[in-house]
Amino acid sequence: MNFVGLDNYVRFFSAAKIGYNLNALQNTLVYAVASTVVINVLALGIAVLLNAKLRGRTFARALVFLPTILGVTVIGLIWSLFFNPSAGPAASIWSWFGADSAFFGDPALALGLVIFVQIWAGLGVAVVIYLAGLQSIPEELYEAAAIDGADGWKRLRLITIPLLAPSVTANVLLAIVGSLQSYQLAYVLTGPNNPATQLLSLAIFAQAFGGSTTSGMGQSQGYAATISVIQFFIVGIASLLVMWYLRRREARL
């Protein structure tokens with residue numbers, strides 16, 4: 001063991017490493033914000049639909065939740081095969097328009113595709129939480145609103161969304177914290193050395209356990225611990241700010 005004090009923090013912000021680290025931070029923020037917003041919007045819409053008295057809704061609920069029980073390796077294998085640039089279904093669809101793509105190997109598409117897979121994998125939990133919140137809303141409120149002439153949109157805006165505020169808070173926090181800490185999908189789908197999908201959490205894994213060549217650092221548990229501490233403060237600050245805003249919004253609603 002060799003005590004280095006704050007050297008690893010100095011290295012993190014040094015001119016030689018700041019470009020790599022800022023790219024990882026930018027990708028992490030894009031990944032977290034995009035997946036959080038899309039998951040919650042889609043989950044709310046699907047939950048409202050599945051809460052209605054429709055034939056086959058039990059099967060539909062199970063189908064929506066199914067990706068949640070799959071492991072990261074299985075999810076990565078499914079979508080790697082789907083987006084296989086030489087023989088996958090996505091390549092066939094692309095060819096209909098006279099185009100081709102490397103998909104996860106394309107710097108312009110890689111991060112977007114990883115976000116898409118994250119949304120697909122994380123949607124089920126958010127839908128279940130929203131469904132639980134919807135089923136706790138008294139039906140009498142909707143009946144009274146309908147008698148007063150409120151249409152479906154007004155009932156959603158004035159009854160459903162305000163009474164779902166605690167569920168929104170829980171889902172947003174879970175999505176933000178989970179996406180800021182996530183590295184598994186990016187690692188499985190694109191590997192540790194793709195700058196387009198480099199995340200802070202993936203940099204921690206690569207530095208601690210090897211496999212990273214783009215940062216030029218080699219394997220270093222001490223440097224990985226430094227990145228993890230910086231990530232801890234980012235996740236903590238983001239979580240506290242989001243919780244503060246959503247709690248105030250709950251009080252106003």
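1. Helix α2 passes helix α3 in a left-handed crossing; a crossing is left-handed if the near helix is turned anticlockwise from the far one by less than a right angle, and right-handed if clockwise. The axes of these two helices come within 10 Å and cross at roughly 155°. That makes α2 roughly antiparallel to α3, where angles over 145 degrees count as roughly antiparallel, under 35 as roughly parallel, 65 to 115 as roughly perpendicular and the rest as oblique. Axes are lines fitted to C-alpha atoms, for helices over the stretch in contact, and the angles run from 0 to 180 degrees between N-to-C directions.

2. The model is a predicted one, in which local features need pLDDT of at least 70 and side-chain atom pairs count only at pLDDT 80 or more, while totals for chains, interfaces and linings use all residues. Residues are numbered from 1 along each chain as its sequence is written, and side-chain values use heavy atoms, with hydrogens and water left out.

3. The chain contains 12 helices and 0 strands. Helices (H or I, at least four residues) and strands (E, at least two) are DSSP runs, numbered from the N terminus. The C-alpha trace spans about 70 × 50 × 30 Å along its principal axes.

4. Helix α2 (residues 15-51) also packs with helix α6 (residues 110-135), at an angle of about 40° and with the axes 6 Å apart. That makes α2 oblique to α6. The crossing of α2 past α6 is right-handed. By class, their contact has 22 nonpolar, 7 polar and no charged residues. Here Ala, Val, Leu, Ile, Met, Phe, Trp, Tyr, Cys and Pro count as nonpolar, Asp, Glu, Lys and Arg as charged, and the others, Gly among them, as polar.

5. With helix α9 (residues 165-181), α2 packs at an angle of about 150°, the axes being 9 Å apart. That makes α2 roughly antiparallel to α9. This crossing, too, is right-handed.

6. On the surface, Phe-59, Leu-63, Phe-65, Leu-66, Ile-69, Val-125, Val-128 and Leu-174 form a nonpolar patch with about 750 Å² of accessible area together. Patches are made of residues with over 30% relative accessible area and no salt bridge, with nonpolar side chains (Val, Leu, Ile, Met, Phe, Trp, Tyr) joined within 5 Å and like charges within 9 Å. Accessible areas come from the Shrake-Rupley method with a 1.4 Å probe, and for residues only the protein chains shown count as cover. A salt bridge is a side-chain nitrogen of Lys or Arg within 4 Å of a carboxyl oxygen of Asp or Glu.

7. Helix α3 (57-69) and helix α6 each supply at least two residues of this patch. The most comes from α3, with 5 residues. Phe-65 has its place in α3.
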